[in-house]
Amino acid sequence: QVELVESGGGLVQAGGSLRLACTASTRTFSSDTMGWFRQAPGKEREFCAAISRGGASTLYGDSVKGRFTISRDNAKNMVYLQMNSLKPEDTAVYYCNQVNSILARHPQPLLQWGQGTQVTVSS
């Protein structure tokens, strides 16, 4: 069974930065399109970013575009989310997952969700 483990969350002030990390146990990681999602209390999970298997192509949700950067290290089975210019509305639990397509307007998760990592942005 593939496991997804997120880390790097924390409490930051508005305008600050965090880098989230996700490790996946799949042996085919380098062939998998990966993405980040987030879920705030009382809200539905929303798509944040996705990256192609080679890392050359990326996709971002409108709410994070220009502020977040997704990257990956296939040698380490890791995907990252660099979050800059954080806003209080970015407060959420962030999850990584394999996604079906980077071309989709709403990329769909393919694996069982991990525990996520909490990001809290104070005003």
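Colleague: What are the ground rules?

Modeller: This is a predicted model, so local features need pLDDT of at least 70, side-chain atom pairs count only at pLDDT 80 or more, and totals for chains, interfaces and linings use all residues. Residues are numbered from 1 along each chain as its sequence is written, and side-chain values use heavy atoms, with hydrogens and water left out.

Colleague: Why is Q98 called buried?

Modeller: Buried means under 20% relative accessible area, exposed means over 50%, and partly exposed lies in between (1.4 Å probe, protein chains only). Q98 has 17% relative accessibility, so Q98 counts as buried.

Colleague: Where is Q98, and what does its side chain make a polar contact with?

Modeller: Q98 is in strand β9. Strands (E, at least two residues) and helices (H or I, at least four) are DSSP runs, numbered from the N terminus. The Q98 side chain makes a polar contact with the side chain of D32, at 3.4 Å. The cut-off is a pair of N or O atoms within 3.5 Å; within protein, one must be able to donate a hydrogen and the other to accept it, and residues adjacent in sequence count only if both atoms are side-chain atoms.

Colleague: What makes a set of residues a nonpolar core?

Modeller: The members are buried Ala, Val, Leu, Ile, Met, Phe, Trp, Tyr and Cys residues, joined through side-chain atoms within 4.5 Å. The largest such core here has 26 residues. W36, I70, V79, L81, M83 and Y94 touch the most other members. The largest share, four residues, comes from β3. Apart from this core lies another, of five residues, including F47 and V99.

Colleague: Which residues does V79 touch?

Modeller: Contact means heavy atoms within 4.5 Å. Not counting residues up to four places away in sequence, V79 touches, among others, L20, W36, I70 and C96.

Colleague: How do you know that β3 and β8 pair?

Modeller: Two strands pair if DSSP finds at least two bridges between them. β3 and β8 have six bridges, in the antiparallel sense, so they count as paired. The bridge partner of L18 in β8 is M83.

Colleague: In which sense does β10 pair with β2, and with β9?

Modeller: With β2 (residues 10-13) the pairing is parallel, over four bridges. V12 stands opposite V121 in β10. With β9 the pairing is antiparallel, over three bridges. V93 stands opposite Q118.

Colleague: Why is the pair of F37 and W113 called edge-to-face?

Modeller: Rings of Phe, Tyr and Trp (its six-membered ring) pair if their centres lie within 6.5 Å; planes under 30 degrees apart count as stacked, over 60 as edge-to-face and the rest as tilted. F37 and W113 are 5.2 Å centre to centre with 85° between the planes, so the pair is edge-to-face. F37 is buried at 4% relative accessible area, whereas W113, at 27%, is partly exposed.

Colleague: What makes the pair of F68 and Y94 tilted?

Modeller: The angle between the planes is 50°, so the pair falls in the remaining class, tilted. F68 has a relative accessible area of 2% and is buried. Y94, at 0%, is buried.
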